[in-house]
Amino acid sequence: MATHSQRISTVTKAATGFLLLMVSFSMTAYAQRGGGHGGGSRGGSGGGIRSGDGLRVGGGYIPRGGPPRSRNFGHSSPAIGDFADHDGHPHQPHVHWNGQWVGHDFGRNDGRFRLDHPWEHGRFPGGIGPRFVFRLGGGGPGRFWFSGYAFSVAPFDVDLCSDWLWDTDDIVLYDDPDHVGWYIAYNVRLGRYVHVMYLGGA
């Protein structure tokens, strides 16, 4: 016959095993939903893409990271309006749900990005990347703001954001890996992006 301490030990082992099994199932379900992979404060993430969805654009998807460095070392860039890579895709630079940045192959030495005083107003002190989703608070391409910070869209990208909702759209900022002094503002609703410059406090 088992002693009292042997029965307690058996119950403790069984409870521990059950707990470990439940944690394992929970972690598996969390990973399958895309949990823990970027996403902003109001949903949207790079995980949990269903088969066939990888080429979708917009609709709340937030890329896990910014674009890779361009392999274009030249002084020119592709013509604006040539970025509709699939039927129904926007003609503007955009990001597929599989994380592919379409249209960010601007020449690293493209004169349009050259600034006499990069970071003239300092660097943006807020969050960069998919964990930081900002709701636009007003303005327009020449000067827009959110959370007390102001930005302006690059003059050559103004036509690319004519349908942005400047007081309700959510954006995520990424560093531009190729052009000093610029950030990339990604519109979560549309799945498109433009180059922006930090102007300091709003």
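Visitor: Which residues line the largest cavity?
Guide: This is a predicted model, in which local features need pLDDT of at least 70 and side-chain atom pairs count only at pLDDT 80 or more, while totals for chains, interfaces and linings use all residues. Residues are numbered from 1 along each chain as its sequence is written, and side-chain values use heavy atoms, leaving out hydrogens and water. On a 1 Å grid over the protein atoms alone, a cavity is a set of points where a 1.4 Å probe fits but cannot get out, and lining residues have an atom within 4 Å of a point. Here the lining consists of Leu115, His117, Trp119, Glu120, Gly122, Gly181, Met197 and Tyr198.

Visitor: How much space lies in the largest cavity?
Guide: Searching the whole structure turns up one cavity of 30 Å³ or more. A volume is the space filled by probe spheres set on the grid points, which are joined across faces, edges and corners. For the largest cavity, that space is about 40 Å³.

Visitor: Which residues is asparagine 187 in contact with, leaving aside its neighbours within four places in sequence?
Guide: Contact means heavy atoms within 4.5 Å. With those neighbours set aside, the partners of asparagine 187 are Trp164, Asp169, Asp170, Ile171 and Arg192.

Visitor: Which backbone nitrogen does the side chain of asparagine 187 reach?
Guide: The distance is 3.0 Å.

Technical notes. Polar contact = N/O pair within 3.5 Å; in protein donor to acceptor, adjacent residues only side chain to side chain. 1 Å grid on protein atoms, 1.4 Å probe; cavity = no way out; pocket = protein on both sides within 12 Å on 5 of 7 lines; lining within 4 Å.
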